[in-house]
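Dear colleague,

Please find the structure below, handed over for your study. My notes on what was found in it follow directly after.

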Amino acid sequence: MTVSVRVVQAIVGVACLALCTTGCSTTVAGTASPAPNSIPANADVFAGLNACQVLEQLTAGQGFEPGENISRRNECDVTKPGASTYGLALDPVQGLREFAEFSDDEVETSVNGRAALQALMPLGGCAIVIEVGEHARAMVQVSLSSNDDQQACVDAQAFAEKLEPLLPKVR
């Protein structure tokens, strides 16, 4: 083998190694982190985000029980016995418009600069729906055992503000 062939093989090897290592990241498995900024059209903007994992991460150390998936969709609830229930639904199909169609008392608001809607829930508590795309949303729900819906809305807003940085940025 000639020296020039070995040099070419070494350069190709270094280039392959560089390409392989640029795909690596330092995120910890099971920890929610912001999604990429560009999501292909018709893709699930929440791919890789598990509602229970995100909810448990955001309520860790606050006395909540482990998350419980409440449907076959990406929805989860956590309960603090005798105090409150927090819910999170990551919906890649329906946006704010669809929520407004089924709510009678929604109020426009924002969460860390993102468009959002707030509404009281029919069975008590408060929901805040955060826009993630024209046809995608994240909904947080807070129900308090005290049945204080106004406080539930305050708590839902605070929770939505903690959640928002973890949501994908879709344009």
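**Arg137 and its surroundings**

Not counting residues up to four places away in sequence, Arg137 touches Phe46, Ala89, Leu90, Asp91, Gln94, Gly95, Glu98, Phe99, Val129, Ile130 and Val132, where contact means heavy atoms within 4.5 Å. Please note that this is a predicted model, in which local features need pLDDT of at least 70 and side-chain atom pairs count only at pLDDT 80 or more, while totals for chains, interfaces and linings use all residues. Residues are numbered from 1 along each chain as its sequence is written, and side-chain values use heavy atoms, with hydrogens and water left out.

Arg137 lies in strand S7; helices (H or I, at least four residues) and strands (E, at least two) are DSSP runs, numbered from the N terminus. Because its relative accessibility is 9%, Arg137 counts as buried (buried means under 20% relative accessible area, exposed over 50%, partly exposed in between, with a 1.4 Å probe and protein chains only). A polar atom of the Arg137 side chain lies 3.1 Å from the backbone oxygen of Gly95.

**The chain as a whole**

The protein chain has four helices and seven strands. Read from the N terminus, its elements run α-α-β-β-β-α-β-β-β-β-α. Of the 171 residues in the protein chain, 35% are buried. Among contacts with a separation of 6 or more, 50% are between residues 24 or more positions apart.

**The largest pocket**

The largest pocket holds about 300 Å³ of space. On a 1 Å grid over the protein atoms alone, a cavity is a set of points where a 1.4 Å probe fits but cannot get out, whereas a pocket is an open set with protein on both sides within 12 Å along at least five of seven lines; lining residues have an atom within 4 Å of a point. Grid points are joined across faces, edges and corners, and a volume is the space filled by probe spheres set on the points.

In the largest pocket, 15 residues form the lining, and Phe99, Phe102, Leu120, Met121 and Pro122 lie nearest its centre. Helix H3 (96–101), strand S5 (114–120) and strand S7 (136–144) each supply at least two residues of this lining. The largest share, three residues, comes from S7.

**Aromatic pairs**

How many aromatic pairs does the count come to? The count comes to two, with rings of Phe, Tyr and Trp (its six-membered ring) paired if their centres lie within 6.5 Å, and planes under 30 degrees apart counted as stacked, over 60 as edge-to-face and the rest as tilted. Tyr86 and Phe159 form an edge-to-face pair, at 5.2 Å centre to centre and with 75 degrees between the planes. Tyr86 lies in strand S3 (residues 84–91) and Phe159 in helix H4 (residues 149–163), so the pair ties together parts that are 73 residues apart in sequence. Both Tyr86 and Phe159 are buried. Phe64, Tyr86 and Phe159 form one aromatic cluster.

**Two further residues**

Gln157 lies in helix H4 and, at 16% relative accessibility, counts as buried. Asp44 is placed in the loop between helix H1 (3–22) and helix H2 (51–59). With a relative accessible area of 40%, Asp44 is partly exposed. A polar atom of the Asp44 side chain lies 2.8 Å from the backbone nitrogen of Phe46.

With kind regards

Technical notes: Polar contact = N/O pair within 3.5 Å; in protein donor to acceptor, adjacent residues only side chain to side chain.
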